[in-house]
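Subject: A structure for you to explore

Hi there,

Here is the structure I promised to pass on. Have a look at it first, and then read my notes below.

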Amino acid sequence: ITRTSYCAFMEMENLTTVSLGNTVQIIGEGSFAYCESLKEIALPDSVTCIEVAAFQGSGLSEIVFSDNLTTIGKQAFFLTVLREIVLPDSVEVIEDAAFALSALEAVTLGENVKEIGAAAFCGCPYLTSFTNYSNNTVYYQELSGAPVLGEDSDINVEGGFEAVKVY
């Protein structure tokens, strides 16, 4: 198996544990969406892509990303309870709303992020630490709704960050 199927385990209320083989390269669209009992997952290093809404609305509070992950799809972690993410240096693309409306408190981007989609981290009210090791600038739109926007914010922002509105 090289990919999980479209909505393969979607809304499986009792799914608590997932063990993926080291041949899985793609977490398919909606594969684990709304699996509210799924609290943690470690992606094998074979995974290179997490597709659209793969974990949307799931109960994930902890994830270990593959060291070979390159793409995180639109709304992949939308509405999750993830508190912290550390993206490996292999990640190049974070698509639109990938982590929007999540419970993120801390985000660390790896060195090779080339593209961050619109509203990628939008509506994360608990976000207080954002570290960007990539050479790319993260703009206002990607973080809108997070407390980083206020002048009195106590968010710890390191690396390339520029508070400019992008329309």
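Let's begin with cysteine 35: at 0% relative accessibility, it counts as buried (buried means under 20% relative accessible area, exposed over 50%, and partly exposed in between, using a 1.4 Å probe and protein chains only). Cysteine 7, in contrast, is partly exposed, with a relative accessible area of 24%. The structure holds zero disulfides, a disulfide being a pair of cysteine sulfur atoms within 2.5 Å. For cysteine 35, the nearest cysteine sulfur is that of cysteine 7, 10.0 Å away.

A word on the source: this is a predicted model, where local features need pLDDT of at least 70, side-chain atom pairs count only at pLDDT 80 or more, and totals for chains, interfaces and linings use all residues. Residues are numbered from 1 along each chain as its sequence is written, and side-chain values use heavy atoms, leaving out hydrogens and water.

Next, the strands (DSSP runs of E, at least two residues, numbered from the N terminus). Strand β8 (residues 106-109) runs parallel to β10, joined by four bridges; strands pair if DSSP finds at least two bridges between them. Leucine 109 has asparagine 132 as its bridge partner in β10. From β10 (residues 129-132), Ser129 and Thr131 point one way and Phe130 and Asn132 the other, and all are buried.

Finally, which residues does isoleucine 94 touch? Among them are Ile72, Leu87, Phe99 and Leu109, not counting residues up to four places away in sequence (contact means heavy atoms within 4.5 Å).

Happy exploring!
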